[in-house]
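Try each task yourself before you read its solution.

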Amino acid sequence: MKKVLVIEAHLSKTFSVSEYATKLFLEKYKKLNPNDEIVELNLNEEKKLETILNIKNFDYFWNEESQRYIDLINSSDKIIISTGMINFTISPLLKNFLDNILQANKTFKYKYDGKGTSVGLVDSNKKVQLIMAQGSYKDWYKFSAFDDYLKEVLHFIGLKNIELLLFDGTKTNEQKDLSVEEKFKLKEKEFNELVIKF
Ligand SMILES: Cc1cc2nc3c(=O)[nH]c(=O)nc-3n(C[C@H](O)[C@H](O)[C@H](O)COP(=O)(O)O)c2cc1C
């Protein structure tokens, strides 16, 4: 029996494509893997994430709740992370979650003896599925720190086995009048392949 952690960070009040795709992903995954345990962590419900790191809380920001997030990651065999793009990056909730778990000697070891010499401490055998959505198309804003950024931060803490399902262009002229179901269907083939692989 595998343990699957689902980290959800949507900020769209309606028509969240990544939320919808994550729901369907879980439904299909549960049918394929009925004995697996699913643990859902909706970041919108997390009191700890209502406060961001700042100079006033710096001395006590990383607390037992931060450790709970690290424990959840370490105790899971597979992780699904779901977010929309907010101001060219991941949801601020997810950024705050990363600020909580990125702790030296817990999730990574920093070695200042050269570029790329840090060591991720999270077990690299875990599978990660990213389910992400952005209003623009992927290549529109080269500076945006979104899917590549998230992948690289996860690499940094040791997670290497990462797949991405990206719904891009959700707010463009081509897609703005489509329902969330229709936007989902644009990537359904890829979705089906990824859920079987996960
Ligand atoms: C506050 C806010 C900021 C956003 N910023 C961007 C942005 O910088 N670039 C972009 O392409 N889309 C942006 N969007 C559009 C969302 O990325 C788009 O609606 C996406 O589908 C959201 O994901 P979801 O549908 O899974 O919730 C923004 C949306 C909101 C609500």
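Helices (H or I, at least four residues) and strands (E, at least two) are DSSP runs, numbered from the N terminus. This is a predicted model, in which local features need pLDDT of at least 70, side-chain atom pairs count only at pLDDT 80 or more, and totals for chains, interfaces and linings use all residues. Residues are numbered from 1 along each chain as its sequence is written.

**Exercise 1. The overall fold**

Count the helices and strands of the protein chain and find the pattern they follow.

Solution. Start with the count: the protein chain has six helices and seven strands. Next, walk along the sequence, and the pattern reads β-α-β-α-β-α-β-β-β-α-β-α-α. The radius of gyration of the chain is 17 Å, close to the 16 Å of the globule rule for 198 residues, so the chain is as compact as a globular protein of that length. Here the radius is taken over C-alpha atoms, and the rule is 2.2 Å times the number of residues to the power 0.38.

**Exercise 2. Strand E3**

Decide which residues of E3 point one way and which the other way.

Solution. In a regular strand the side chains alternate between the two faces of the sheet. In E3, Lys78, Ile80, Ser82 and Gly84 point one way, while Ile79, Ile81 and Thr83 point the other way. A residue is buried if 20 or more other C-beta atoms lie within 10 Å of its own, exposed if 12 or fewer, and partly exposed in between, with C-beta atoms placed from the backbone. Seven of the seven residues of strand E3 (residues 78-84) are buried, so the strand is largely enclosed by the rest of the structure.

**Exercise 3. Around the ligand**

Find the residues that come nearest to the ligand, and the element that gives the most to the shell around the ligand.

Solution. A residue is near a molecule if its C-beta atom, placed from the backbone, lies within 6 Å of it. Of the 18 residues around the ligand, Ser12, Ser18, Gly84, Gly135 and Ser136 come nearest. Helix H1 (17-32) and strand E6 (127-134) are the elements that give two or more residues to this shell. H1 gives the most, with three residues.

**Exercise 4. Phe88**

Is Phe88 buried, exposed or partly exposed, and where does it lie?

Solution. Phe88 is in the loop between E3 and helix H3 (92-101). It has 13 C-beta neighbours inside 10 Å, so Phe88 counts as partly exposed. Two residues are in contact if their C-beta atoms, placed from the backbone, lie within 7 Å. Leaving aside neighbours within four places in sequence, Phe88 is in contact with Tyr141, Phe143, Ser144, Ala145 and Phe146.
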